[in-house]
Amino acid sequence: MEVSYGVCRLSVVAVRKEQSHQSLQVTQLLFGDHYLVAEEAGDGLWLRITICFDGTEGWIERKQHHAISQEYFEQINTTDFKITTDICSTILYKKSPITILLGSIVPISQSELFKMDEQFAFNGEAKSLGQKRDFEFLKAISLKYLNVPEQEGGKSPFGVDGVGLVQMVYRVSGYSISRSPEKLVKHQKTVKNIDRVRPGDIAFFVSRKEGKVKTGLLLEENKVLHADGRVKIDHLLEDGVLDTETKIFTHELKSIIRILND
C-alpha cells in the first residue's frame with residue numbers, strides 16, 4: 001500500500017510489536033500524536049505505523065486509526081501546537097468531550113496560516129510544544145508521574161516505563177528525545193564521572209534481578225526518579241541505584257548523559 005497519514009484522536013492507543021493484542025506494547029499514542037502508515041495487515045485489522053515524534057514503529061488496530069490528508073499532516077509537522085501539562089484535562093472534539101492525558105498535543109496554534117480540518121475547544125493548562133524550559137519546570141512535570149504504575153511501553157500518567165517517563169518529561173519541557181537508550185547514549189553528551197552529574201541528567205542502569213536496562217532522571221542531591229514497579233525516587237551512587245526503603249542496591253549504574261545545557 002502507499003504511505004498514508006494518521007493522527008491519534010483517542011486518549012491513549014497501544015502500539016504493539018506484532019499485529020496481536022497479546023503482543024508486546026512497544027509504546028503508546030497519546031491524543032495528537034501523528035504518524036505515517038506504512039503497511040496494512042493481510043486481514044485488514046491492523047496497521048503498521050511510524051510515529052513522527054520519535055520514529056518508533058509498531059502496529060495499531062485499524063479501528064483506532066484516524067486518517068488525515070497529506071496536507072494536514074504537513075501542517076502538523078510545521079506548526080507549534082500546545083502540549084498539555086495537566087495530568088488530565090478535557091478537550092471538546094466535534095462537540096463531544098474527550099479526556100486527554102499529560103503530554104497530549106492540542107491542535108491549537110498562534111499561527112494565523114494554520115487551517116484547521118477539525119473543530120476543537122480546550123480549556124486546560126498547556127504550553128507551546130517547541131518552548132524549551134529549565135530544570136525546575138522539568139522537575140515539576142516529572143513529579144506528576146510519581147507513584148504511576150510501571151507498564152512496559154507506557155508513556156501516560158496511568159502507566160509508564162522508565163524510558164517513556166524520561167521521554168515524556170523532556171517532551172513536555174520542549175525537547176525531543178528517542179525511546180531507545182542506545183540511540184540516546186550514542187547521540188548525547190556522556191557524563192563520565194558520577195561526581196559531575198547535574199539535575200536533569202539521564203541515567204541508565206541494569207536491574208540486578210532481571211538484567212534489563214532501565215532509565216531514570218536525576219534530581220537534586222543525586223536522587224533519581226525511575227520506574228521500578230512504580231515511579232519512585234531512590235539514590236544514585238557510584239555502585240548504582242540504592243533503594244531508599246530497603247537500603248539495598250537494586251541496579252548497577254551503566255552510563256549517564258546530559259541534554260540540558262549549562
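**Figure 1. Pairing of strands β9 and β10 in the predicted model.** In this predicted model, strand β9 (residues 88-93) pairs with strand β10 (residues 96-101) in the antiparallel sense, over six bridges. Tyr 93 stands opposite Ser 96, which belongs to β10. Two residues lie between the strands of this hairpin, and Lys 94 takes a positive phi there, near 50°. Most residues other than glycine have a negative phi.

**Figure 2. The loop between β18 and β19.** Glu 221 is found in the loop that runs between β18 (213-218) and β19 (223-227). Asn 222 lies in the loop between β18 and β19 as well. Glu 221 is not a glycine, yet its phi is positive, at about 55°. Asn 222, likewise not a glycine, has a positive phi of about 55°. Glu 221 counts as exposed because its relative accessibility is 66%, over the 50% cut-off. Asn 222 has a relative accessible area of 25% and is therefore partly exposed.

**Figure 3. Helix α3 and the residue that follows.** In general, an α-helix has 3.6 residues a turn, so residues three or four places apart point the same way. Gly 174 follows α3 and has a positive phi, near 105°.

Figure 4. Thr 56 has its place in the loop between β5 (46-51) and β6 (57-61). With a relative accessibility of 15%, Thr 56 counts as buried, because the cut-off for a buried residue is under 20%. The side chains of Thr 56 and Asp 54 are joined by a polar contact of 3.0 Å. When neighbours within four places in sequence are left aside, Thr 56 is in contact with Val 26, Thr 27, Ile 49, Thr 50, Ile 51 and Arg 179.

**Figure 5. The largest pocket.** The volume of the largest pocket is about 580 Å³. Its lining consists of 25 residues, and those nearest the centre of the pocket are Val 26, Glu 152, Asp 161, Val 163 and Arg 179. At least two lining residues are supplied by each of β3 (25-30), α3, α4 (181-187) and β18. By class, the lining of this pocket has 11 charged, nine polar and five nonpolar residues. Val 26 and Arg 179, which lie nearest the centre, are also in contact with Thr 56.

**Figure 6. The second largest pocket.** The second largest pocket holds about 250 Å³ of space. Of the 14 residues that line this pocket, His 34, Phe 53, Ile 76, Leu 129 and Arg 171 lie nearest its centre. The lining divides into seven polar, six nonpolar and one charged.

Figure 7. Rolling a probe the size of a water molecule over the atoms shows where empty space is left. The count comes to one cavity of 30 Å³ or more. About 40 Å³ of space lies in the largest cavity. Val 7, Arg 9, Gly 32, Tyr 72, Ile 76, Phe 81, Ile 105 and Pro 107 line the largest cavity. By class, these residues are six nonpolar, one polar and one charged.

Note on methods:
Residues are numbered from 1 along each chain as its sequence is written. This is a predicted model: local features need pLDDT of at least 70, side-chain atom pairs count only at pLDDT 80 or more; totals for chains, interfaces and linings use all residues. Side-chain values use heavy atoms; hydrogens and water are left out. Helices (H or I, at least four residues) and strands (E, at least two) are DSSP runs, numbered from the N terminus. Buried means under 20% relative accessible area, exposed over 50%, partly exposed in between (1.4 Å probe, protein chains only). Two strands pair if DSSP finds at least two bridges between them. On a 1 Å grid over the protein atoms alone, a cavity is a set of points where a 1.4 Å probe fits but cannot get out, and a pocket is an open set with protein on both sides within 12 Å along at least five of seven lines; lining residues have an atom within 4 Å of a point. Grid points are joined across faces, edges and corners, and a volume is the space filled by probe spheres set on the points. Ala, Val, Leu, Ile, Met, Phe, Trp, Tyr, Cys and Pro count as nonpolar, Asp, Glu, Lys and Arg as charged, and the others, Gly among them, as polar. A polar contact is a pair of N or O atoms within 3.5 Å; within protein, one must be able to donate a hydrogen and the other to accept it, and residues adjacent in sequence count only if both atoms are side-chain atoms. Contact means heavy atoms within 4.5 Å.
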